[in-house]
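Grab your viewer and work through these exercises on rings, cores and surfaces. Each task comes with a step-by-step solution.

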Amino acid sequence: MTATTARPTEGRTVPAGERSAFRKALSRWDARVSPYLYVSPFFVLFAIVGLFPLLYTAYVSVHEWNLIGGKGEFVGLENFTTVLQQEYFWRALRNTLSIFLLSSVPQVVFALLIAAALDTGLRARTFWRMGVLLPYVIAPVAVALIFNDLFGDRYGLLNEVLGWVGLGPFRWHVDVLPSHLAIATMVNFRWTGYNALIFLAAMQAIPRDYYEAALIDGAGRVRTFLSITVPLLRNTILFVVITSTIGGLQIFDEPRMFDQYGLGGADRQWQTLTIYLWNVGWGQHNFGRAAAVAWLLFLVIVLIGLLNFALTRRISSTGGKR
Amino acid sequence: MTRAKRMHALAAVTAVSVVVTLSACASDDSASGSTSGSGNEKVELTLATFNQFGYDDLITEYQKLHPNITIKHKKAATSNEARDNLNTRLAAGSGLSDIEAIEVDWLPELMQYSSKFNDLGSAEVKDRWLDWKAAAATDQKGRLIGYGTDSGPEAICYRSDLFKKAGLPTDREKVAALLGDSWDSYFAAGKKFKAASKVPWFDSIGATYQGMVNQVETTYENKGDNAVIATTNPEVRRLYDTVVKAGIDDGLSAHLQQWSDDWVASFQKDGFATMLCPGWMLGVIEGNAKGVKGWDVANTFPGGGGNWGGSYLTVPTQSKHPKEAEALAAWLTAPEQQIKAFKAVGAFPSQQAALTSPELASVKNPFFADAPTGTIFAERAKAVTVTPYKGPKYFPVNDAMQQALTRVEDKSMTPEKSWERFVADVKALG
């Protein structure tokens, strides 16, 4: 482009009419192309660190590929069919969805409620607002270490406390549902406050007039929350739901730290898809198969992401179509 | 090709050859410099270890002896972390340290790629280690890819206070006689103990199985072709049945998976009375059982000797200073240095000469009622006669077996069902 722009201005005399025509063309080009140039850094970066790995993973997934030995023979879709026949893959999918539901749903609900509470005229507001973000600052591994101590099967604090009221003991590291609950608790601990702050920011953008009008009309707290706050937060809820879907389906740290082996339990009670992937790739050195799992995980996330999008759009019709 | 172009090509060739000759000279220099040990060229070596090797003081000492060498020591927190790091960088083809420490458990899978490590065999280090230690790091072409550091000869650790309450002898010689030298006698002693005490006999069937399987030469894979025979080998099934019978049917196990939070906590709560303990386990017990009195070590091990754990130092071919790295590794793994490491962090030597050294024999452990651990573990090391064959699939198959035993122990499956799952798991490794 620089070459073409340089030529006419240099040396050769150009008739004025021709010059202004070129200028016009140039400015037209400028208006049309420049915006794309301005946004291009993101897309160039994405192509390098996002798209390329994605495509390369697809390339790896159709080959025999050892972590250290490198590329082997082309095997077509064999890696995919083997993975789909593995019982542990399906179990990992089940665990991932179950942990995702147990964490995301309460997370969004509680975050909304906490945000609503923070939005009222509390004393020492900043203190409370910072407080809810605190768990997010703690490293997930540290969270896992502390919660693991609480969730000990035999000598854990939680079982002891539950024992006082005649419950349990729950076998957190043996049974499927208790293990999912324990892991979901760690996830919720970490992310609820973070989401609450996002909601809070959106809530503060809602014009106070609406609430005043509702108050004059005699609406109570619950009614205003359900009829004004939630509908007006529609887009924010959509954003939070989609990001927590993506995060929830890729959950790794918490289940991996849940016991000393990090494989998701002796019977894979809490092995998630990412742990399964990691174990196939780094434990068994089978990169071809791990790449196939990665692609399947990608498809699952896209599918559930779309499903969530469709569901959340229906939250309220008063939000208006865009 | 025009004349001008030809000239360019010629210049390029000359330039390249000059560079090649220059760099050849440079590498010659460094090589001759290091072998004489008096080279002045500054060399920075990187050394990657994990957990505790006890090298901190030794590194300072080596740098004093060789002023031209600077050593950068990278420590990983766990051996798993080190393994991931090593595998990833081995795959990437760059980024490894000049000396990489590896653990015996993941040595077999690396032996497949032994050509990515330098052959460290030499007259100087011949017969330095116990036979089985060196044999495990020697590939099929006879190349020695790792220098043995520590080893894990196993003894039995026991709670003398619990033994006393159950009316059993507490003195370590008498306890050794009571436990005997076969698994049958060890389990029989357990039943006797159980009759008089509520405390379980050992921590878990998984840990006990580990001690048993390390005494069998052929377990999961055929030596010749590495075919996986784990699921059809009657020996593996026999061990599985034996340990399940002792731990579950006879109720000797505390059902505590090693390294779990419950296991760690159980040291403070009379969780169990005995456990198989390699030398390095003493430090673990001492840490977990702080304030608990009564731990002791008996100089015996069921079924003959056994080894659990231990590491090696390797020099990957990626290293830019292989000669210097080899010299450092050889020095660090010499008997004198390893004894110092034993005193510092309890890493028990795997070197022949170290085992007979009076310095080692004099080591006692105050936490274990002043047990002469130096002598005990030296004898335990000599009792190891079998080198179990571990092929490339050893690690994942053994993992699957440990999970099978855990499923039996936490009662999520019957022994038969769990075995079937084990068979399926091994097949899935494919």
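This is a predicted model: local features need pLDDT of at least 70, side-chain atom pairs count only at pLDDT 80 or more; totals for chains, interfaces and linings use all residues.

**Exercise 1. Find the ring in chain B that has B:K133 over its face.**

Step 1: use the cut-off, which asks for NZ of Lys or CZ of Arg within 6 Å of the ring centre and within 35 degrees of the ring normal. Step 2: look at B:Y312, where B:K133 lies over the face at 4.2 Å from the ring centre.

Residues count from 1 along each chain as its sequence is written, chains are lettered from A and ligands numbered from 1 in the order written, and side-chain values use heavy atoms, with hydrogens and water left out.

**Exercise 2. Classify the ring pair A:W191 and A:Y194.**

Step 1: recall that a pair of aromatic rings is described by the distance of the centres and the angle of the planes. Step 2: apply the rule: rings of Phe, Tyr and Trp (its six-membered ring) pair if their centres lie within 6.5 Å, with planes under 30 degrees apart stacked, over 60 edge-to-face and the rest tilted. This rule gives 49 aromatic pairs over all chains. Step 3: with centres 5.2 Å apart and planes at 85 degrees, A:W191 and A:Y194 are edge-to-face. Helices (H or I, at least four residues) and strands (E, at least two) are DSSP runs, numbered from the N terminus. Step 5: check the cover, where buried means under 20% relative accessible area, exposed over 50% and partly exposed in between (1.4 Å probe, protein chains only). A:W191 is partly exposed at 28%, and A:Y194 is partly exposed at 30%.

**Exercise 3. Are the planes of B:W129 and B:Y147 stacked or edge-to-face?**

Step 1: the centres lie 5.3 Å apart and the planes meet at 25 degrees, so this pair is stacked. Step 2: trace the chain: B:W129 is in the loop between α4 (107-111) and α5 (131-136) of chain B, and B:Y147 is in strand β4 (residues 146-159), so the pair links distant parts of the chain, 18 residues apart. Step 3: B:W129 is buried at 4% relative accessibility, and B:Y147 is buried at 0%.

**Exercise 4. Which residues touch the most other members of the largest nonpolar core?**

Step 1: define the core as buried Ala, Val, Leu, Ile, Met, Phe, Trp, Tyr and Cys residues joined through side-chain atoms within 4.5 Å. Step 2: among its 48 residues, the answer is B:W201 and B:M401. Step 3: see who supplies the core: α18(B) gives the largest share, seven residues. Step 4: list neighbours of B:W201, counting heavy atoms within 4.5 Å as contact; leaving out residues up to four places away in sequence, they include B:F163, B:Y186, B:F193 and B:F272. Step 5: B:W201 also belongs to an aromatic cluster whose members include B:Y158, B:W183 and B:F301.

**Exercise 5. How many helices and strands are in chain B?**

Step 1: chain B has 19 helices and seven strands. Step 2: of its 430 residues, 54% count as buried.
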